[in-house]
Amino acid sequence: MAVTKKSVDSKTARAIGRALRAWYVEHRRDLPWRRSLDPYSVWVSEMMLQQTQVATVIPYFQRWMQRFPDVTALANAAESEVLHAWQGLGYYSRARNLQRAAVLMVREHAGRVPDAVEALLALPGIGPYSAGAIASIAYGKAEPLVDGNVIRVLSRLFALRGDPNKNPLKNQIWAHARALVPEQEPGDFNQALMELGATVCTPRAPRCVVCPVSKQCQARAQGLTLVLPELPARAKPTAVHMVAAIATRAGRVLVTKLNADAPRWAGMWLFPNVEVARSETPEAAVKRALLSSTGLSGKPTGIVCAVRHSVTRFKITLDAYRTVELSGTAKPQTVAEIAWQKPTALSDLAMPAAHRTIAERLLET
Ligand code: SF4
């Protein structure tokens with residue numbers, strides 16, 4: 001279906017808009033980024049909220065705004081400082097893109113977050129959703145946005161069948177979002193739509209009896225609330241076994257900094273680690289991790305700790321092995337840098353969450 005302003009008739013759009021905005025004024029959660037309409041705050045919060053829960057984001061957002069209070073401060077910060085502030089939030093390309101975009105905003109937009117969707121889309125890390133969020137929430141422009149919550153609400157409100165992440169339904173949902181967004185208070189309307197999805201029109205137990213748009217909801221009328229949206233079944237997570245070498249010398253532990261072009265965690269500090277191959281013992285893998293990244297040989301003894309975490313569709317178990325009898329000269333091999341750090345100094349380095357957990361564990365042992 002073509003993207004058209006006519007996908008929802010104007011009477012229905014007005015009724016939905018009124019009901020949602022009235023509900024939002026009364027029920028919206030008090031979140032730190034909602035206390036000001038400063039475009040920089042809106043942008044940072046929207047980037048943090050992608051793939052991440054609100055409760056997790058709140059303390060990160062507050063610390064970030066203290067550390068990098070505006071576009072210029074972020075543009076001028078060292079990348080290591082930016083990654084350090086982001087550590088634990090995951091999907092680190094978001095942090096790098098924030099900084100790259102800040103540099104471009106200083107260079108091309110006088111240090112301001114631009115207000116036009118086209119200009120926003122030209123910046124790294126800003127896609128149609130984020131551009132719509134910034135333009136409508138921070139600048140009051142009648143621009144639509146579509147995220148997972150909006151997909152669910154609109155699929156149900158209009159009983160839209162099919163996979164909403166694929167065309168033609170994907171376009172149709174954007175067309176509905178565009179047709180619904182009002183000229184008056186578009187930011188509140190867009191936030192209301194997302195808030196409804198987050199708190200009322202939830203995936204498994206929509207609370208239709210308290211829903212402000214239940215009268216207009218076609219899924220409710222047709223008994224389809226739990227059928228829609230028709231998302232494809234998620235692939236089963238793949239189990240991955242990884243090991244890390246915890247090699248120490250004179251009270252200092254060996255850590256490695258990944259190359260700037262590493263596919264994941266570029267520029268961050270990790271303990272030498274590899275995935276255990278099928279035909280390999282964990283101990284052999286620990287030796288391989290140490291040798292391949294630093295050129296050192298060593299002997300794994302016991303497990304210091306095991307960390308379980310998920311990255312995209314992978315369920316990872318990371319066993320950290322204390323590694324002794326080190327020999328050879330440590331030099332960066334497949335990594336950018338190596339360093340021998342006191343365990344108490346590891347907190348100054350940007351580390352992904354699983355490796356941060358190991359570092360904290362080392363302080364207890
Ligand atoms: Fe969602 Fe139920 Fe409201 Fe429909 S009536 S939008 S299914 S909460």
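This briefing covers the overall build, the nonpolar cores and the strand pairing of one protein.

The model is predicted, so local features need pLDDT of at least 70, side-chain atom pairs count only at pLDDT 80 or more, and totals for chains, interfaces and linings use all residues. Residues are numbered from 1 along each chain as its sequence is written, and side-chain values use heavy atoms, with hydrogens and water left out. The protein has 14 helices and 7 strands. Helices (H or I, at least four residues) and strands (E, at least two) are DSSP runs, numbered from the N terminus.

**Overall build**

- The C-alpha atoms fill a box of roughly 75 × 50 × 35 Å, taken along the principal axes.
- Of the 365 residues, 49% count as buried. Buried means under 20% relative accessible area, exposed over 50%, and partly exposed in between (1.4 Å probe, protein chains only).
- Take the contacts between residues at least 6 apart in sequence: 67% of them join residues at least 24 apart. Contact means heavy atoms within 4.5 Å.
- The protein exposes about 17,900 Å², and carbon and sulfur atoms supply 51% of this area. Accessible areas come from the Shrake-Rupley method with a 1.4 Å probe; for residues, only the protein chains shown count as cover.

**Nonpolar cores**

- A nonpolar core is a set of buried Ala, Val, Leu, Ile, Met, Phe, Trp, Tyr and Cys residues joined through side-chain atoms within 4.5 Å.
- The largest one has 108 residues, and Tyr40, Trp43, Trp64 and Phe271 touch the most other members.
- Helix H8 (residues 128–138) gives this core its largest share, 7 residues.
- A second, separate core has 14 residues, including Ala247, Val274, Leu290 and Tyr321.
- Which residues does Trp43 contact, leaving aside its neighbours within four places in sequence? They are Leu74, Leu98, Ala101, Ala102, Met105, Val113, Ile126 and Ile134.

**Strand pairing around S2**

- Two strands pair if DSSP finds at least two bridges between them.
- Strand S1 (residues 238–249) pairs with strand S2 (residues 252–257) in the antiparallel sense over 2 bridges. Thr248 has Val253 in S2 as its bridge partner.
- The hairpin of S1 and S2 has 2 residues between the strands, and Ala250 takes a positive phi near 50° there.
- S2 also runs antiparallel to strand S7 (residues 337–341), joined by 5 bridges. Here Leu254 stands opposite Trp340 in S7.
- With strand S3 (residues 269–270), S2 pairs in the antiparallel sense over 2 bridges. Lys257 stands opposite Trp269 in S3.
- In a regular strand, side chains alternate between the two faces of the sheet.
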